[in-house]
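Biologist: Please go through this model with me, one question at a time.

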Amino acid sequence: MLLTIATRESRLALWQAEHVKTLLQQQGHAAALLGMTTRGDQILDVALSKVGGKGLFVKELETALHEGRADLAVHSLKDVPMELPPGFALACVMRREDPRDAWVSPGCASLEELPPGAAVGTSSLRRTVLLRARLAALGRADVRIEPLRGNLDTRLRKLDEGRYAAIVLAAAGLKRLGLGGRIRRLFSTDEMLPAAGQGALGIEICEGRADVQAALAPLADQATWLAVEAERAVSRALGGSCSMPLAAHATLEGGAMRLLAAWGDPQGQPRLVTAQGSAAVATQAEARALGQRVAADLQAGGARP
């Protein structure tokens, strides 16, 4: 079976698509890539929350699926909107890479070492809220959190040019591209709760493509899928998008799932609202139910540390 894979053309996106291509070939399928540039790749001077959110990274790929130019699209799952357009389905979630956030800096090993008035780069509202809370706890009101857009290589280049003292990136992307050496330290999930789906790859297809679904089945990792289903259920229940600084992370051990979630105001007081829950989870429906319960707790005010 010949399968055409739609992908963005950043180095990380191409790595991810090549990874899927190799796995499909190992299953006996022929596979080819269809590289595309999305609106999210083109708009680099405005925060995603102000120009359309996560969907900017997937719309062109979905058009290729709809028109039959591609059979599947590979996404970083944290970039996939919580609600897919009618006619599309998330057909596969692959085994998760490291879900944590990474501190990248040429001169500062941690937040504590930042010089007075330093700039830290990120355009993630989630990271902004979490960083503000940590900086407030350190009494570092002088540190500035500045926007940082572009693909992974562009962000690293801006750091190397001295525009920032440090930047915060997803560890998964750095590790996939062999750039783990750029990581000064990894934030624990207690320090920086990840975004829903962070570190996982999701594969999107058109609904009704049972042939493609069957081809992708061996690539799926059920434990990861259950975890991200719970995380995305939190975000979905709260209308999650790039305009909402929401974090959610689930772990599954021996059938027991623990789910943590947090949100905050990127402009208001640097404090977080948190919630957590646990349950026995064996199906996606059970994972979604846990996510919805934790979302309800967040809406009710959660626990304010």
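This is a predicted model: local features need pLDDT of at least 70, side-chain atom pairs count only at pLDDT 80 or more; totals for chains, interfaces and linings use all residues.

Modeller: Residues are numbered from 1 along each chain as its sequence is written, and side-chain values use heavy atoms, with hydrogens and water left out.

Biologist: In what order do the three strands of the open sheet lie?

Modeller: Helices (H or I, at least four residues) and strands (E, at least two) are DSSP runs, numbered from the N terminus. Two strands pair if DSSP finds at least two bridges between them. The edge strands, each pairing on one side only, are S11 (246–253) and S13 (272–280). The pairing is antiparallel, and the order is S11-S12-S13.

Biologist: Which residue is the bridge partner of alanine 261 in S13?

Modeller: Strand S12 covers residues 256–264, and nine bridges join this strand to S13 in the antiparallel sense. For alanine 261, the partner in S13 is alanine 275.

Biologist: What angle does the direction of helix H5 make with that of S13?

Modeller: Axes are lines fitted to C-alpha atoms, for helices over the stretch in contact, and angles run from 0 to 180 degrees between N-to-C directions. Contact means heavy atoms within 4.5 Å. Helix H5 (residues 125–138) packs on the sheet and touches S11, S12 and S13. Its direction and that of S13 make an angle of about 110°.

Biologist: Which strands of the sheet does helix H9 touch?

Modeller: Helix H9, residues 222–237, also packs on the sheet. Its direction makes about 150° with that of S11, and the strands touched by H9 are S11 and S12.

Biologist: Within what arc do the buried residues of H10 fall?

Modeller: The buried residues of H10 are Ala287, Leu290, Gly291, Val294, Ala295 and Leu298. An α-helix has 3.6 residues a turn, so residues three or four places apart point the same way. The arc is that of the directions from the helix axis to the C-beta atoms. Seen down the axis of H10, the buried residues line one face of the helix, because they fall within an arc of 140°.

Biologist: Which elements are included in what covers the buried residues of H10?

Modeller: One of these buried residues is Leu298. Leaving aside neighbours within four places in sequence, leucine 298 is in contact with Val234, Leu238, Leu246, Ala261, Ala262, Trp263, Val273, Thr274 and Ala275. For the buried residues of H10, the cover includes H9, S11, S12 and S13.

Biologist: How far apart are the end C-alpha atoms of helix H1?

Modeller: The expected span of a helix is 1.5 Å times one less than its number of residues. Helix H1 (residues 11–26) has 16 residues and should span 22 Å. The model agrees, with its end C-alpha atoms apart by 22 Å.

Biologist: Is histidine 75 buried or exposed?

Modeller: Histidine 75 lies in strand S3, residues 72–76. Leaving aside neighbours within four places in sequence, its contacts are Gln16, Val58, Leu61, Val80, Ala200, Leu201, Gly202 and Glu204. Because its relative accessibility is 4%, histidine 75 counts as buried.

Biologist: Which residue in S9 is the bridge partner of tryptophan 103?

Modeller: Both faces of strand S5 (residues 101–104) are covered, with Asp101 and Trp103 buried on one side and Ala102 and Val104 on the other. S5 pairs with S8 (residues 166–170) in the antiparallel sense over four bridges. Two bridges join S5 to S9 (residues 185–186), also antiparallel. In S9, tryptophan 103 has as its partner arginine 185.

Biologist: What is the relative accessible area of arginine 155?

Modeller: Arginine 155 is in helix H6, residues 152–160. Leaving aside neighbours within four places in sequence, this arginine is in contact with Leu148, Arg149, Gly150, Ile167 and Leu169. Arginine 155 is buried, with a relative accessible area of 18%.

Definitions and conventions. Buried means under 20% relative accessible area, exposed over 50%, partly exposed in between (1.4 Å probe, protein chains only).
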